[in-house]
Structure formats: C-alpha cells, structure tokens
Amino acid sequence: MIGSEDSIGEIGILAPFPTESGLLPPDDFEDETGNARYVWEVEGQDQEALDINPEHILAWGYTFDADILCWLTSDPDPDKWPVLLFDRQELLVPCTIVPCGMVEFLRKVLLHELDSYSIDFKPEPRFTYWREQR
C-alpha cells in the first residue's frame, strides 16, 4: 500500500495470486480484474475514442476513491502495456489510457506530474507492506 498516516490518499497494489488464506494480502488480480472488466462493460464502452477488448484488461491496483488501476495488455510485450485508469469519481470520462507503465504512472502520481489525474497524500506518501498494515 502506498498511503499516508492519515489514510488520505492511498494506492493498493494487488497480489498476483488467489488469497484464500489469512497469510496473504486481502486483494488479488483476479477479483479486481473482474471488477474492471465489468466497469468497462457498463461505463466504458460509450467512449468512442477507446476500442478495448475487455480480455486485455488486467488490474494491478486500486485507490481509496474506488478507482481501478489496470494494464491494457493488447501488446505482446509487457514492457509496452500502458495504464488503463478507471476513474470512478469522474463521470464524464470513466476510462483513460495513460501512456506509460505502472512504475512511471506511480512516480508521476506521487510527484503530481499527471495533469489529468491526481491523488493527495497527506501529510506525505509512504509504502507499507500488507503485513505491516494488519
């Protein structure tokens, strides 16, 4: 989790495996990917500028505002997967492709370098391993 002491501004990073036991983090790719694909089916398809096959949506994170952070996996090279952002608070444009990878996206969010999307971390962002959170 990337967050702050006051829990204002949080980004959760998903676990790439099922989480049936209490020893693993509480969220996984499969559950959130299903949520993202559902959101695309309900809200995203109306965006004529985006032609996305839902099978190419793979969730990797979420925010405290219920935004879903995904990869758009249509390129066979994972290094070229852009971030697909489901901004659940932005009703006019629910889905946006951010033309960078996950790490660059996180860097830009933390440094407030994205004009179209921001998260306020107060007082300042920090990384917390999921076991520390419990």
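In the protein chain, where is confidence lowest and where is it highest? It is lowest in helix H3 (residues 130–133), at a mean of 50, and highest in strand E4 (residues 68–72), at 94. The score here is pLDDT, the predictor's confidence in each residue, from 0 to 100. Across the protein chain the mean pLDDT is 76, and 66% of the residues reach 70 or more. Helices (H or I, at least four residues) and strands (E, at least two) are DSSP runs, numbered from the N terminus.

So you know the ground rules: this is a predicted model, where local features need pLDDT of at least 70, side-chain atom pairs count only at pLDDT 80 or more, and totals for chains, interfaces and linings use all residues. Residues are numbered from 1 along each chain as its sequence is written, and side-chain values use heavy atoms, with hydrogens and water left out.

Let's start with E3 (57–63). E3 pairs with E4 in the antiparallel sense, over five bridges; strands count as paired if DSSP finds at least two bridges between them. E3 and E4 form a hairpin with four residues between them, and Ala66 in the turn has a positive phi of about 70°.

E3 also has strand E2 (residues 11–13) as an antiparallel partner, joined by three bridges. There, Gly12 faces Tyr62 of E3. E3 is mostly covered, with five of its seven residues buried. Buried means under 20% relative accessible area, exposed over 50%, and partly exposed in between (1.4 Å probe, protein chains only).

**The nonpolar core**

A nonpolar core is a set of buried Ala, Val, Leu, Ile, Met, Phe, Trp, Tyr and Cys residues joined through side-chain atoms within 4.5 Å. The largest one has 29 residues, and Ile57, Trp60, Cys70, Leu84, Phe86 and Phe105 touch the most other members. Among the elements giving two or more residues are helix H1 (29–42), E3 and helix H2 (102–110). E4 gives the largest share, five residues.

Take Phe105: leaving aside neighbours within four places in sequence, it is in contact (heavy atoms within 4.5 Å) with Trp60, Leu69, Val83, Val98, Cys100, Leu114 and Tyr117.

The sulfur of Cys70 has its closest cysteine sulfur in Cys95, 8.8 Å away, so a bond is out of reach. Cys70 is buried at 0% relative accessibility, and Cys100 is buried at 11%.

Terms used: Disulfide = S-S within 2.5 Å.
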